[in-house]
Amino acid sequence: MESLEKSHRYLSSICCVFVLCVQLQLGLTGDCPADGRTWVPFGDGCYYFVHGEEDTIKSYTFERAKTLCQGFELLTIQSAEENDFVIKYSPAVWKNNVNVWLGMYYDTNSDDMRWFGEQPVGFSNWEDIFSSSDLVPLDTCVALHSNTGKWENVSCLEQAENGVVCETNQKAEEAKPKPSALLSALVILSVVAIMGVSAVIWFLQHKYNLGSTILTAFEYHPPFRVVDTDRSCLVEAEETDSVP
């Protein structure tokens, strides 16, 4: 019975540890800044679409766009999925098509365009006809057209665009649980299985008398031997027969 109780405690401990580990894993998904603005999570990043005042013409220079991000970076796009996310979410913020400033600049050291943060431009989605080649390199910036998702070279100093999107990475240390349906189902099934085994052990504990009766049939019995009293009787009978 003592071994059954130990097994029950062991399985209960496994159950608690398993659930705790799953909760910790679910908590490492990341979170967006809580600064009163509407940040939209996507992938590992958070995006703030600057709405501006309703029914007013938006016009932002490149420098003005950077200040609107308030310490965060302008939009950088690293994949086709991220590019599609921006153009698909734009209608939820702006009524009409907009041109969005990208956080890209001309690097004189490499003679090429780079993202802010010194990241090289891997993915790109330039217009079919590469325009504005007459721009001075240091005056070359990039805008994204929300209706097509294509990129265009524009002047950093003379151009004004009507769309601004700010971006930052999610913060894992301030994560909130975002469990997937599959992981949740696995957790539930695992807990049910462990609790089922625990219930069986509990049942056996309360029915241990029956179990001990069954086990008694399998107990070890020593080989047959003559009882001491019978042996003493035989010795006494032999002594009697030998007396004249």
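Reply: Start with a definition. Two strands pair if DSSP finds at least two bridges between them. Strands themselves are DSSP runs of E, at least two residues long, and helices are runs of H or I, at least four long; both are numbered from the N terminus. In the hairpin of S5 and S6, four residues lie between the strands, and Asp 111 takes a positive phi near 55°. This is a predicted model: local features need pLDDT of at least 70, side-chain atom pairs count only at pLDDT 80 or more, and totals for chains, interfaces and linings use all residues. Residues are numbered from 1 along each chain as its sequence is written, and side-chain values use heavy atoms, with hydrogens and water left out.

Me: What makes S5 and S6 a pair?

Reply: Four bridges join S5 and S6, in the antiparallel sense. Pairing needs at least two, so S5 and S6 qualify. Tyr 105 stands opposite Arg 114 in S6.

Me: How do you know that S6 and S7 pair?

Reply: S6 and S7 share two bridges and run antiparallel. Arg 114 stands opposite Pro 120 in S7. Their hairpin has three residues between the strands, and Gly 117 there has a positive phi near 90°.

Me: Why are S5 and S7 said to stand at the edges?

Reply: The open sheet has three strands, in the order S5-S6-S7. Strand S5 (104-107) and strand S7 (119-120) each have a single partner strand, so one side of each has no neighbour in the sheet.

Me: Why is strand S10 called mostly covered?

Reply: Buried means under 20% relative accessible area, exposed means over 50%, and partly exposed is in between (1.4 Å probe, protein chains only). In S10 (residues 165-169), four of the five residues are buried. Across the protein chain, 31% of the 244 residues count as buried.

Me: Which strands pair with S10?

Reply: S2 (residues 45-49) is joined to S10 by five bridges, and the two run antiparallel. Phe 49 stands opposite Val 165 there. S3 (residues 73-74) also pairs with S10, over two bridges in the antiparallel sense. Leu 74 has Cys 166 as its bridge partner in S10.

Me: What makes a set of residues a nonpolar core?

Reply: The residues must be buried Ala, Val, Leu, Ile, Met, Phe, Trp, Tyr or Cys, joined through side-chain atoms within 4.5 Å. The largest such core here has 20 residues. Those with the most contacts inside this core are Phe 49, Leu 75, Leu 102, Leu 144 and Trp 151. Two or more residues come from each of S2, helix H3 (80-89), strand S6 (112-115) and strand S8 (140-145). H3 gives the largest share, three residues. Another core lies apart, with 18 residues, including Cys 32, Tyr 48, Trp 101 and Ala 143.

Me: How do you know what Leu 144 touches?

Reply: Contact means heavy atoms within 4.5 Å. Leaving out residues up to four places away in sequence, Leu 144 touches residues including Ile 77, Val 86, Leu 102 and Trp 151.
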